[in-house]
Amino acid sequence: MELTERHKKAILDMFVDSLQNTNSENRQKKMKDFTDSFMGCFRDFNNAINTALKERSVSGNIIKEWNRYLEER
C-alpha cells in the first residue's frame, strides 16, 4: 500500500512526538525503527524528517542527534 501525503504527515507527526517524549538513550532505538520501517516511503527522507522537526519546533539537540544518527548509519 502506498502512503498518501496525509498518511505521511501523520506518521511524521507521531515520530516527532515520540522523539520529543523520550530520553536520548531510547531515541536512538526509535530513530532506527522509524528509518528501517519508513525510509522507502519518502522521496527525500532526510529533508522530510528535518522539515517536520523544524515545523514542530523540536529542540536543536534532537535535530543534531537525528542528523548524527543518519551520518553514522
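**Briefing: pocket, core and a buried arginine**

The largest pocket in this predicted model is lined by E5, K8, K9, L12, D13, F42, R43, D44, A48, T51, A52 and E55. Helices α1 (5-20) and α3 (45-55) are the elements that give two or more residues to this lining.

**The largest pocket**
- The volume of the largest pocket is about 200 Å³.
- Helix α1 provides the largest share of the lining, with 5 residues.
- Sorted by class, the lining of the largest pocket holds 7 charged, 4 nonpolar and 1 polar residues.
- Rolling a probe the size of a water molecule over the atoms shows where empty space is left.

**The largest nonpolar core**
- The largest nonpolar core has 19 residues, of which L12, F15, F34, I49, L53 and W66 touch the most other members.
- At least two residues of this core come from each of α1, α2, α3 and α4 (60-72).
- L12, which also lines the largest pocket, touches F34, F42, A48, I49 and A52, leaving aside residues up to four places away in sequence.
- In soluble globular proteins, nonpolar side chains tend to be buried together.

**The residue R27**
- R27 is part of helix α2, which spans residues 24-38.
- R27 counts as buried because its relative accessibility is 10%, and buried means under 20%.
- Leaving aside residues up to four places away in sequence, R27 touches L19, T22, I62 and E65.

Notes:
Residues are numbered from 1 along each chain as its sequence is written. This is a predicted model: local features need pLDDT of at least 70, side-chain atom pairs count only at pLDDT 80 or more; totals for chains, interfaces and linings use all residues. Side-chain values use heavy atoms; hydrogens and water are left out. Helices (H or I, at least four residues) and strands (E, at least two) are DSSP runs, numbered from the N terminus. Buried means under 20% relative accessible area, exposed over 50%, partly exposed in between (1.4 Å probe, protein chains only). Contact means heavy atoms within 4.5 Å. On a 1 Å grid over the protein atoms alone, a cavity is a set of points where a 1.4 Å probe fits but cannot get out, and a pocket is an open set with protein on both sides within 12 Å along at least five of seven lines; lining residues have an atom within 4 Å of a point. Grid points are joined across faces, edges and corners, and a volume is the space filled by probe spheres set on the points. Ala, Val, Leu, Ile, Met, Phe, Trp, Tyr, Cys and Pro count as nonpolar, Asp, Glu, Lys and Arg as charged, and the others, Gly among them, as polar. A nonpolar core is a set of buried Ala, Val, Leu, Ile, Met, Phe, Trp, Tyr and Cys residues joined through side-chain atoms within 4.5 Å.
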